[in-house]
Amino acid sequence: MQLRLTINDRPHELEVEPHRPLADVIRTDAALTGTKVACGEGTCGTCTVLVDGRAVLSCLTLAAACDGADVRTVEGDGELLDRLRTTFTAEDAFQCGFCTPGQLLSAVALLRANPHPSADEIRAGMSGNLCRCGAYPAIERAVARAAEAG
Amino acid sequence: MARLVRTQVEMEGRYEERWTLVEDDAAPEYADDERLNVVGHPHPRISAAARLSGAARFISDISLQGMVHAAVLRSPYANARVTSLDLAAAAALPGVRAAIGPGDIPDRDGRPVLTDAPAYAGAAVAAVAADTPEAAERALAALAPAWEPLAFVVDLDEGLARQEFTQDPAETTRGDVDAALAAAAAVVDAEYRTPAQVQSPLEPHCAVAVWEAGSLTVWSSTQGIFAARDELAAAFDLEPDDVRVVCEYMGGGFGGKQGAGPEGFVAAELARRSGRPVRLVYSRGEETIAAGHRAPTVQTYRMGADADGRLVGIEGSAVIGVGLHGWVFPVLNPAETLYACENVRSMVLPVKLNLGFSNAFRAPGVMEGTFGLEQTLDELADLLGIDPLEIRLRNGVDHEQGSGSPYTSKHLETCQRRATELAGWAQRYRLRSDGRVRRGMGMASQIWWGGGGPPAHATVRLGKSARPTLVCGFQDIGTGTMTASAVIVAEALGVAVDAVRVQAGDTARSGYGPTSGGSMTLASVAPAVRSAAHDVRTQLLELASDLYEIAASDLVLADGAVSSRDGTLRHEITEVTSKLGNSSLVGHGSRGPNPEGMRIHTFGCQVAQIAVDTRIGAITVERVWAVHDVGRIINPMGAISQVTGGVLQAIGFALTEERVVDPTTGTVVNAGFEDYKVPTMADTPEIVCEFVDSPDPHLGLGIKGLGEPPIIPTAAAIGNAFAHATGVRMREAPYTPRRVLEALA
């Protein structure tokens with residue numbers, strides 16, 4: 001089927017089979033490999049992207065259901081994403097970096113919905129994103145610092 | 001001048017003597033009173049921009065022209081014989097480029113990669129490569145395997161009763177244990193059980209392979225590019241330099257990604273047969289059942305002390321559920337080495353089970369052994385009425401008791417005193433209450449190796465831009481080796497850390513670098529990096545000396561400038577390097593030998609404070625204080641992250657992580673993050689981290705390893721905190737709510 005997506009402000013017209021997950025279409029058809037897949041079954045948050053401003057698990061989202069949508073990935077820009085990049089760097093909020101794209105997009109969604117979250121709200125909002133390297137304390141500080149800077 | 005010497009090198013507690021190439025012009029050590037501008041100061045990772053923008057290309061992101069996708073047929077049975085397999089039918093499907101089965105791939109580690117006698121659920125039987133992942137799945141179905149299920153054993157106690165071992169049980173003894181225990185003032189008997197824990201890197205095992213003109217290139221999510229290269233070269237009958245292994249960015253390993261792995265062999269063979277680049281990425285389920293594990297253990301201890309709490313005898317046994325095969329890790333090494341004790345007997349029983357294979361998982365053996373030993377010691381302290389800190393202080397030892405060799409450095413007592421001071425140990429009784437939620441505090445100590453060793457080589461180039469390039473044979477698996485190496489180059493050349501380019505993770509580009517394992521990477525690589533950078537520094541100062549007509553010994557490099565010591569002359573380094581035109585200054589360095597007759601170990605102590613909700617059985621780890629002796633700290637920012645990560649993986653081991661096997665089918669029932677619970681941000685305590693930061697006087701740059709030490713004591717400290725909180729000893733990890741409620745009932 002014909003699929004129209006706007007990914008990071010750039011329009012894409014793609015021919016995709018209806019069963020294909022959004023993560024696969026972003027990574028393969030749009031060649032944006034910043035979005036990672038770690039479980040493929042919606043249990044780890046690694047593949048998180050924004051679809052029309054909402055954080056979704058792109059491994060479980062059918063691309064076909066996103067026709068016409070505005071998609072934001074880690075390759076995108078924007079003041080909030082840049083702010084988070086700065087605080088993630090300053091706090092050492094990643095180690096191998098494989099979960100990081102999903103962490104960043106979840107943090108964007110969290111701070112858009114709640115620009116000044118409490119510590120508990122950050123922990124609740126970010127707990128769907130696994131980090132096996134264990135950068136959680138740094139990620140929590142990075143999100144808090146990005147909120148303070150907003 | 002280069003020469004060869006013999007030296008002792010250790011990996012995960014196994015020692016070997018090897019020849020090593022030594023260069024006489026090794027860089028001088030940092031002087032005790034030297035003011036270091038970069039080393040020891042916090043630096044963000046130099047890879048931050050790449051990792052935070054999506055630009056970092058991980059192995060599972062590699063895509064090549066004409067690339068096809070591999071999939072693996074795995075046994076659904078814990079033990080079976082494959083009675084038929086239709087490779088031709090799979091190969092005949094549209095879009096399928098190759099189908100291979102048992103006997104079609106060279107053996108790996110003396111074992112078939114694809115087998116017609118799969119002896120665990122998940123064992124690889126056949127593999128296909130096709131134009132799309134969907135076509136590969138269809139090809140797997142077309143293989144139409146027929147199975148003859150066979151009897152299996154997955155229960156550790158049953159396996160022990162059957163006396164089937166992966167290798168012979170081994171007993172080691174020093175002193176007269178029976179006499180010592182008979183004469184002891186107090187003796188405790190204790191049993192502890194630990195679970196099978198799965199490494200679970202977020203990037204699963206994966207490889208992309210391509211053949212070009214008889215040479216093989218493999219992008220591998222590996223902890224050892226050179227180990228992978230050598231394995232593949234041997235298996236496919238190639239010269240090592242005809243195999244190139246690349247791993248620039250990879251998504252975690254934690255011990256479980258050694259060498260090329262079965263995935264590298266499968267991708268390489270499918271690529272050879274299909275003439276196409278082949279990508280193989282394990283699914284999360286495959287990652288959980290067929291990529292190795294920390295083996296489950298049953299540990300029993302009989303430990304005795306005199307009336308003052310001095311250990312007189314330890315008898316330990318460890319039944320290890322290795323699985324079908326794999327390394328037998330040193331579960332009882334802590335019992336043999338952590339405390340002074342003249343009489344020690346240890347017995348290791350590696351039980352063979354129809355359950356995958358055991359491979360390294362961060363501090364393999366030692367972490368689970370510490371869980372048992374350090375709780376047994378607390379039980380003994382309790383029996384004697386001695387404080388847990390005090391009994392540990394009374395049993396310190398300044399040499400390795402097995403070999404009698406002195407340690408190159410040891411600051412365990414400093415760690416124990418500092419961690420307990422930070423935690424407010426003396427007031428820990430105030431935490432206790434009889435309410436629904438009970439709090440407690442426990443401690444545990446840690447010993448590990450981590451000295452690293454040769455060979456490791458580095459090259460530094462400096463051209464007209466005055467931005468040095470380091471080329472080195474390590475791979476950064478997320479531990480921060482790239483940044484720590486850049487720090488060392490920046491210190492030597494007086495440039496900013498961000499100005500240093502690091503090219504690593506490519507066997508075609510550099511000399512040999514070590515595997516990221518055994519906490520040996522930086523301790524092996526850093527002296528070579530320092531030596532190469534110092535070589536360039538010497539050349540740069542000679543150029544400046546000629547240009548400005550001043551003795552090189554009167555010049556210093558710092559803040560991007562070359563200056564005279566008296567401050568009268570200052571020029572940007574670029575002013576010197578701009579004269580180089582298209583030439584570069586090139587420096588080489590290599591890792592020297594380890595000190596003779598000494599043992600290199602890391603030490604540490606952690607204190608954990610937990611809250612136990614006695615109504616629902618939930619444990620919250622509230623705070624962990626971690627103090628480790630790992631020699632000189634190069635980049636404290638990255639070092640703290642290593643400690644945080646180790647503590648969190650240990651919290652998973654202590655509270656939630658356990659691979660569960662259905663005893664009736666022999667299959668893993670929680671092969672994914674939905675049911676195999678790794679810690680989340682909500683499970684994260686406050687973690688307070690300090691280092692002794694005392695350079696080891698016998699090692700290059702004074703650096704010891706850091707990857708493994710922080711995971712070792714946490715779970716034992718949590719166990720001791722549970723006993724302190726509730727008065728009840730929990731003997732089996734993980735401490736799930738069900739087990740907590742049963743223990744408290």
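Helix H5 of chain A buries Tyr136(A), Pro137(A), Ala138(A), Ile139(A), Ala142(A), Val143(A), Ala146(A) and Ala147(A). Buried means that 20 or more other C-beta atoms, placed from the backbone, lie within 10 Å of the residue's own. Helices (H or I, at least four residues) and strands (E, at least two) are DSSP runs, numbered from the N terminus.

This is a predicted model: local features need pLDDT of at least 70, side-chain atom pairs count only at pLDDT 80 or more, and totals for chains, interfaces and linings use all residues. Residues are numbered from 1 along each chain as its sequence is written, and chains are lettered from A and ligands numbered from 1 in the order in which they are written.

The cover over the buried residues of H5(A) includes H2, H3 and H4 of chain A, together with helix H16 and strand E27 of chain B. Contact means C-beta atoms, placed from the backbone, within 7 Å.

H3(A) is largely enclosed by the rest of the structure, because 12 of its 14 residues are buried.

Chain B holds an open, mixed sheet of seven strands, ordered E5-E6-E3-E13-E10-E11-E12. E5(B) and E12(B) stand at the edges with a single partner strand each, so one side of each lacks a neighbour in the sheet. Strands pair when DSSP finds at least two bridges between them. E3(B) and E13(B) run parallel, joined by two bridges. His69(B) has Arg279(B) as its bridge partner in E13(B).

Terms used: Contact = placed C-beta atoms within 7 Å.
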